[in-house]
Amino acid sequence: MANILIVYYSRKGQNYWNGSIKNLPKGNTEIVAEMIQKTVGGDLFEIETVKEYPVDYTECTEVAKEELRANARPELKKMPESIDAYDVIFLGYPCWWGTMPMAVYTFLEHFDFTGKKIVPFCTHEGSCMGGSVNQIKKSAPGAIVLEGLPIHGAEAAQSEGEVSVWAEKSLSAEAGEAGFIKRTLRLG
């Protein structure tokens, strides 16, 4: 069995939710991260920024857009001392402006992922994975990036079955069946 780290950035509070703004007590990506841990085990690590994003959803999106334009790397509150003990890193985030929040880039660029398997997952309200998988490959050279799982944010709490099947298959892919995941997710 692989040594697993589940890293995620998640936004609680005001979120876009099926066309309106809803106040979430727990972020959608955190919910999915906990489902993955329940299914395959591993250690959880939450990416948290030193400078908090605005509580107001619209203001937050504007700050996120500006960070993207500036190619910013927000400072994080903490980092794991090392990721050397982990073989597989599940990496979760909301899809913001077609990619990951810039804080996820800060995390990725802090470590050497050579030979490690990164399994991305994201929550979204229509953009799926956006361009994030290609950005992970660029930000973590030497990593083996497996097929990711996009979860519609408004359906995150009801997605445990889908998440569990995908997480288990991702570990099978870790043994060389990555194509199976790709075919399974496309079919349905």
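## A tour from the whole chain to single residues

Read along the sequence, the protein chain of this predicted model follows the pattern β-β-β-α-β-α-β-α-β-α-β-β-α, and it holds five helices and eight strands. With the whole chain in view, the C-alpha trace spans about 45 × 35 × 25 Å along its principal axes. For 188 residues, a compact globule would have a radius of gyration near 16 Å, and the 15 Å of this chain agrees with that value. Of the 188 residues, 49% count as buried. If contacts with a sequence separation of 6 or more are considered, residues 24 or more positions apart account for 78% of them.

**First stop: the nonpolar cores**

Select Ile47, Leu108, Phe113 and Ile118, which are the residues with the most contacts inside the largest nonpolar core, a set of 32 residues. Strand 1 (4-8), helix 2 (57-70), strand 5, helix 3 and strand 6 each supply at least two residues of this core, and the largest share, six residues, comes from helix 3. Then centre the view on Ile47: leaving aside its neighbours within four places in sequence, Ile47 is in contact with Val7, Tyr8, Tyr9, Leu76, Ala103, Val104 and Phe107. A second, separate core of 22 residues can be picked out by selecting Phe90, Phe121, Leu146 and Trp166, which are among its members.

**Second stop: helix 4 and its cover**

Next select residues 132-139, which form helix 4, and colour Ser132, Ile136 and Ser139, which are buried there. Looking down the axis of helix 4, you will find that its buried residues fall within an arc of 70°, so they line one face of the helix.

Keep helix 3 and helix 4 displayed together. Two packed helices are described by the angle between their axes and the distance between the axes. Here helix 3 and helix 4 pack at an angle of about 30°, with their axes 9 Å apart. The contact is made by Tyr105, Leu108 and Glu109 of helix 3 and by Gln135, Ile136 and Ser139 of helix 4, and these residues divide into three nonpolar, two polar and one charged.

Is Ser139 buried or exposed? At 12% relative accessibility, Ser139 counts as buried, because the cut-off for that class is under 20%. Not counting residues up to four places away in sequence, Ser139 touches Tyr105, Leu108 and Glu109.

Val50 is partly exposed, with a relative accessible area of 43%, whereas Tyr53 is buried, with a relative accessible area of 9%. Again with residues up to four places away in sequence left out, Val50 touches Glu75, Leu76 and Lys77, while Tyr53 touches Tyr9, Arg11, Cys60, Val63, Glu67, Pro74 and Trp96.

Val50 and Gly153 are 103 residues apart in sequence and 25 Å apart in space. Tyr53 and His152 are 99 residues apart in sequence and 22 Å apart in space.

**Last stop: two residues with positive phi**

Most residues other than glycine have a negative phi, and most peptide bonds are trans. With that in mind, select Asn71, which is found in the loop between helix 2 and strand 5, and check its backbone: phi of Asn71 is near 55°, a positive value in a residue other than glycine. At 47% relative accessibility, Asn71 counts as partly exposed.

Finish at Cys128, whose place is in the loop between strand 6 and helix 4. Phi of Cys128 is near 50°, which is likewise a positive value in a residue other than glycine, and at 37% relative accessibility Cys128 counts as partly exposed.

How values were computed. Residues numbered from 1 in each chain as written. Predicted model: local features only at pLDDT ≥ 70, side-chain atom pairs only at ≥ 80, totals over all residues. Heavy atoms only, no water. Buried < 20%, exposed > 50% of the residue type's maximum accessible area, 1.4 Å probe, protein only. Helix = DSSP H or I, 4+ residues; strand = E, 2+ residues; numbered from the N terminus. Arc of directions from axis to C-beta. Contact = heavy atoms within 4.5 Å. Core = buried A, V, L, I, M, F, W, Y, C linked by side-chain atoms within 4.5 Å. Axes fitted to C-alpha atoms, helices over the stretch in contact; angles between N-to-C directions. Nonpolar A, V, L, I, M, F, W, Y, C, P; charged D, E, K, R; others polar. Rg over C-alpha atoms; globule rule 2.2 N^0.38 Å.
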